[in-house]
Amino acid sequence: MKIVDIRATTVAVPLEAPLRHSNGAHWGRFVRTLVEVETDNGLVGLGEMGGGGESAEAAFRALLPYLKGHDPFQVEALRFKIANPTASLYNNRTQLLAALEFACLDLVGRHLGVPVCDLLGGRLRDAVPFASYLFFRYASDGHGEIRTPDQLVAHAGELKAAHGFTVHKLKGGVFPPDYELECYRALAAAFPGDRLRYDPNAVLSVAEGLRFGKAIEALDNDYLEDPVWGLEGLRAVRERVNVPLATNTVVVNFEQLASNVLRRAADVVLLDTTFWGGVRPCVKAAGVCETFQLGVAVHSSGELGVQLATMLHLGAVLPNLTYAADAHYHQLRDDVIEGGKLAYRDGAIAVPSGPGLGVRLDRERVARYAELYKETGGYPYDRDPGRPGWYATVPNERFADPSVSLDVSG
Ligand SMILES: [Mg+2]
């Protein structure tokens with residue numbers, strides 16, 4: 001089996017409403033690049049990367065000379081062909097490598113007629129549990145606003161009823177910390193017996209991180225995720241707060257993982273199949289975490305069904321996955337895979353059992369959302385549609401005003 005072609009297609013898939021975060025917002029849609037890697041035996045493997053547009057599509061096409069004739073079974077060689085660590089200082093292709101690794105694993109699985117999890121050691125679970133992943137949201141066409149504690153609790157209740165979540169993650173860093181603390185406490189009060197996690201995307205000062213962490217110590221926390229920036233910032237908070245700390249920002253490669261093992265800053269490492277350069281590096285990192293008794297969970301960088309499948313196969317094979325995974329997935333209105341969105345059942349999504357990643361592109365949906373991308377284009381992830389001219393600093397002190405209700409549709 002040899003690679004003969006690589007195709008990349010940018011799509012925009014609508015969200016229920018614009019999602020707010022500490023750096024800006026997802027402006028009502030996710031923009032993703034779908035990658036198709038074709039082999040000489042007629043198979044097509046699927047990959048996915050965040051962002052898109054002409055430059056992303058061209059970046060994948062530019063790798064065809066590197067990969068033409070490459071055997072998808074040679075996944076370890078792929079790493080050095082595309083992202084040799086020294087060359088990466090110049091060309092930084094980790095996320096491209098990840099999408100290509102997904103496609104190669106998909107191809108190998110399809111070729112052998114086995115699911116990707118069987119290539120990674122075999123499944124330990126048939127479904128991966130997920131957290132509710134709650135965002136503050138702008139209204140869009142008069143619907144979907146989440147700004148007040150009451151709106152947040154109502155939204156979490158709807159998601160819990162619909163999907164069966166028993167873990168709730170609040171994405172914060174949008175409003176002043178005391179206001180978000182009130183929101184977090186409202187969730188704790190509304191869902192006794194459920195577990196909680198809070199993630200302000202590293203935007204708090206160490207002093208505010210300590211204050212927030214101390215204030216939630218008595219609640220049923222999974223962990224406090226990236227309250228502040230940096231390994232040293234996390235370490236300063238961890239020394240004085242009795243809540244486990246998690247990160248998806250400053251332990252995203254093996255050098256940083258080594259630092260965190262030698263001088264612990266985070267207790268839980270959130271593994272992202274894109275940030276780490278593929279599914280296999282996440283499995284390797286989870287092995288290191290198992291040895292050093294660090295927790296692991298599965299991070300979400302805003303996926304459609306192809307990347308979600310990589311998260312499910314990863315979650316299936318990790319013995320030390322003791323926390324629910326995160327997914328933005330339920331915030332989407334649709335997906336690009338056959339059958340539409342994968343369903344949650346009792347707060348979990350079944351690990352696909354078909355060959356490879358176990359998902360296939362729905363041509364009609366891909367065409368529709370490629371057209372939507374052409375109409376609407378990209379969006380600045382690090383800007384806020386409701387606050388023109390604003391940009392985030394770290395630590396941030398210029399938080400959004402929770403009394404302001406905006407509809408940012410159109
Ligand atoms: Mg995070």
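## Sheet, crossover and helix packing in a predicted model

Strand β7 is joined to strand β8 (residues 167-171) by 2 bridges, and the two run parallel. Helices (H or I, at least four residues) and strands (E, at least two) are DSSP runs, numbered from the N terminus, and two strands pair if DSSP finds at least two bridges between them. The model is predicted: local features need pLDDT of at least 70, side-chain atom pairs count only at pLDDT 80 or more, and totals for chains, interfaces and linings use all residues. Residues are numbered from 1 along each chain as its sequence is written.

**The sheet**

On another pairing of β7, strand β2 (residues 19-21) and β7 (residues 134-137) run antiparallel over 2 bridges. There, L19 has R137 as its bridge partner, and R20 stands opposite F136.

In a regular strand the side chains alternate between the two faces of the sheet. For β7 both faces are covered: L134 and F136 on one side, and F135 and R137 on the other, are all buried. A residue is buried if 20 or more other C-beta atoms lie within 10 Å of its own, exposed if 12 or fewer, and partly exposed in between, with C-beta atoms placed from the backbone.

These strands belong to an open sheet of 9 strands in the order β3-β2-β7-β8-β9-β10-β11-β12-β13, with mixed pairing. The edges are formed by β3 (24-26) and β13; each has a single partner strand, so one side of each is left without a neighbour in the sheet. Neighbouring strands of the sheet are turned by 35° against each other on average, direction ignored. For such angles, axes are lines fitted to C-alpha atoms, for helices over the stretch in contact, and angles run from 0 to 180 degrees between N-to-C directions.

The pairings described in this report are listed below.

| Strands | Sense | Bridges |
|---|---|---|
| β2 (19-21) and β7 (134-137) | antiparallel | 2 bridges |
| β7 and β8 (167-171) | parallel | 2 bridges |
| β12 (268-271) and β13 (295-298) | parallel | 4 bridges |

Strands β12 and β13 pair in the parallel sense, and L271 has V298 in β13 as its bridge partner. From β12 the chain crosses through helix α12 (residues 279-291) to β13, and this β-α-β crossover is right-handed. The term applies if, with the strands pointing away from the viewer, the path from the first strand over the helix to the second runs clockwise.

At 1.5 Å a residue, the 13 residues of α12 should span 18 Å, which agrees with the 19 Å between its end C-alpha atoms. The expected span of a helix is 1.5 Å times one less than its number of residues. Its buried residues are V279, R280, P281, C282, A285, A286 and C289. They pack against α3 (75-83), α5 (94-112), α11 (254-262), β12, β13 and α13 (305-317).

After α12 comes Q293, in the loop between α12 and β13. Q293 has a positive phi of about 60° although it is not a glycine. With 10 other C-beta atoms within 10 Å, Q293 is exposed.

**H299 and helix α13**

Where does H299 lie? It is found in the loop between β13 and α13. H299 counts as buried because it has 24 C-beta neighbours inside 10 Å. Leaving aside neighbours within four places in sequence, H299 is in contact with N248, L270, L271, D272 and D326; contact requires C-beta atoms, placed from the backbone, within 7 Å.

In α13, 13 of the 13 residues are buried, so this helix is largely enclosed by the rest of the structure. Its 13 residues should span 18 Å at 1.5 Å a residue, and its end C-alpha atoms are 19 Å apart, which agrees.

**Other backbone features**

N92 is in the loop between α4 (88-91) and α5. The phi of N92 is near 40°, a positive value in a residue other than glycine, and N92 is exposed, with 10 other C-beta atoms within 10 Å. A cis peptide bond joins V394 and P395, with omega about -5°; P395 lies in the segment after α14 (363-376).

**Record annotation**

In an unreviewed entry, UniProt lists residues 149-244 as "domain: Mandelate racemase/muconate lactonizing enzyme C-terminal". UniProt positions are given in the numbering used here, feature names are shortened, and annotations may be inferred rather than shown by experiment. In the model, the span 149-244 is 51% helix and 16% strand, and its end C-alpha atoms lie 24 Å apart.

Definitions and conventions
Contact = placed C-beta atoms within 7 Å.
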